[in-house]
Amino acid sequence: MNGDASGVGGENFDWNTDDELEVNDFSLSSCSSLTPPNGEAVVGCGEARSTAGCSNSKLIDHFIGMGFSKKMVSKAIQENGEENTDSILETLLTYSAIESSPQGQPDIDSDNSSLDSGGSFLDDFSDIDSSSDTEEIMIPESDEDGKLLSLVKMGYTVDEASIAIERCGQNSSLVELTDFICAAQMAKVADAHFPELPLEVKPKLKHSYSDFSKHKKRKLSDYAMWKKKRRNGVQDDDDETIHLPNPMTGFGAPGEPCQTICRTLPEAAVGPPFFYYENVALAPKGVWTTISRFLYDVEPEFVDSKYFCAAARKRGYVHNLPIENRFPLLPLPPRTIHEALPLTRKWWPSWDQRTKLNCIQTCIGSAKLTERIRKALEDYDGEPPLRVQKYVLDECRKWNLVWVGRNKVAPLEPDEVEMLLGFPRNHTRGGGISRTDRYKSLGNSFQVDTVAYHLSVLKDMFPGGINLLSLFSGIGGAEVALHRLGIRLKNVVSVEISEVNRNIVRCWWEQTNQRGNLIDLADVQQLNGDRLEQMMNSFGGFDLVVGGSPCNNLAGSNRHHRDGLEGKESALFYDYFRILDLVKCIMTKAQ
């Protein structure tokens, strides 16, 4: 991932786009303290915290001041009770939507005029112009529509919800869909530099009823447009990412149902050396087509590391390795959060249903963020209100926060990240390496168990050991994977721009008593044909060329310079291809 994200503290980042800021500001306001003109607060979300002299008449006056009729307010209070102001407001909005509907204006006193009539979500949309499109939307046509409506109600945009359903599949649960959306939002963290927004658990109402209705109307309008495009077969021009398989297990994963796959490699891809290239799966449209075309028209294998460990990591791999007779590293790594981090189980609340962590990033959540979360929860003896739960879970997913005490969350420690990614303990520790550099290096690395599963086919093919050319080698994920597979590393040429990472690989090489030769170089752009031929003549060529060029201009985290393979950093992919093609030519000439 993006190696330029150096702001580990987290407080310098604002992970929201302008639309997300609007939604977050609105959602907090719409379910919190309701401040009437006389200045006395009536606190929502089920908390009976009104001032001592707050009477039923004051509550009625408050909602009348928002534009509702007295009869409507009285009926809503009777149904929901005086303390539950959120439910009262939702009921009043439902009544308004029904009254403005051309189908008729039901009697407010009717028992059928409750939140259960007309759909629990769509009734929230008042001030809707009646049209054939709108009427069609009012009743979900499928389970997909129902899930999309639920996600929009939770505060996500229509685009976020529809893309999540498309990528994760119609059979995905709401938990999986929200995890996907939060992972996508989390990917925007690394380069946003806006002032930190403080959490106000009980902010004052900043929007009038008119604003509330307009916002709801806009969300329904977006949904209407989405339905219309889908019905007409129109693709969204903004959907720039590739359509990924579900489940994202590539040609198979340990413990997953066996599938018979027959793969025929293009003729140009056959023969020495083997090659293995990795990058982010969610790249802009056309990126993986270009990568495949340059790498001899080999189709990518898309894999999410959540099928190998307790953390997600969606990656694409282009390689010419055999896919039969793969085997996993043993012992198998923990597959759930509680298996990987058993001490967190004691404090894990029942309403946090995460079983997997999101993709490991190069930066972590700040102490200010975890303190805001603690303060958001400490006022509640039992389960907090749904709005607080949603806020906390969104932050936990974005920053991979885990529970370490009552109402206390914390970011992962570097040694925990090492374990999740399959590296040995203290792999990135010591030698003058800062905590910041540890997170950055780990966030840019391979997930070792996933890569080892793909490379495991080489063990029987090279019983005497392997000659490896490792480009953009980072902290040596491929080298560690081969070592853990029991494949001897005879000669390794490691090319890595970061001196910190080169030192990590060198220390690991020495500490594991490797008997082969390690040659470390700094810049792939300086590796030319003469240098390659000189090295290859000395030890007989390379058996494997592995690498993952920088994803700075491919990942969603880089909103300002997401230029695909034309970006300054991600254009280094072409150096991977250049060097691989040189190796193939030199080895062919030597035969």
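**Sheet, helices and salt bridges**

Biologist: Hi! Quick one to start: what is the bridge partner of V303 in β3?
Modeller: V303 has R315 as its bridge partner in β3. Strands here are DSSP runs of E with at least two residues, and helices are runs of H or I with at least four residues, both numbered from the N terminus. This is a predicted model, where local features need pLDDT of at least 70 and side-chain atom pairs count only at pLDDT 80 or more, while totals for chains, interfaces and linings use all residues. Residues are numbered from 1 along each chain as its sequence is written, and side-chain values use heavy atoms, leaving out hydrogens and water.

Biologist: Thanks! And what stands opposite Y277 in β3?
Modeller: That is V318. Y317 of β3, in turn, is the bridge partner of E301.

Biologist: How many bridges does β3 make with β1, and how many with β2?
Modeller: β1 and β3 share 5 bridges and pair antiparallel. β2 and β3 also run antiparallel, joined by 4 bridges. Two strands count as paired if DSSP finds at least two bridges between them.

Biologist: Is β3 mostly covered or mostly open?
Modeller: Mostly covered, as 5 of its 6 residues are buried. Buried means under 20% relative accessible area, exposed means over 50%, and partly exposed lies in between (1.4 Å probe, protein chains only).

Biologist: Now α10. Which of its residues are buried?
Modeller: In α10 (residues 287–294), the buried ones are V287, W288, T290, I291 and S292. The buried residues of α10 pack against β1 (274–280), β2 (301–304), β3 (314–319) and α21 (573–590), with contact meaning heavy atoms within 4.5 Å. After α10 comes Y296, with a positive phi near 65 degrees.

Biologist: Changing topic: how many salt bridges are there?
Modeller: The count is 15, taking a salt bridge as a side-chain nitrogen of Lys or Arg within 4 Å of a carboxyl oxygen of Asp or Glu.

Biologist: You mentioned α21. What does R578 bridge to?
Modeller: R578 forms a salt bridge with D575, the closest N and O atoms being 3.0 Å apart. R578 and D575 are 3 residues apart in α21, so about one helical turn separates them. R578 is partly exposed at 27% relative accessible area, whereas D575 is buried at 12%.

Biologist: And K398 with E395: are they buried or exposed?
Modeller: K398 is buried at 4% relative accessible area, and E395 is buried at 1%. Their salt bridge is 4.0 Å from N to O. They sit 3 residues apart in α13 (residues 386–399).

Biologist: Last one: which residues are linked with R374 in a network of salt bridges?
Modeller: E371 and E378 are linked with R374. Between R374 and E378 the closest N and O atoms are 2.8 Å apart. R374 is partly exposed at 26%, and E378 is partly exposed at 40%.
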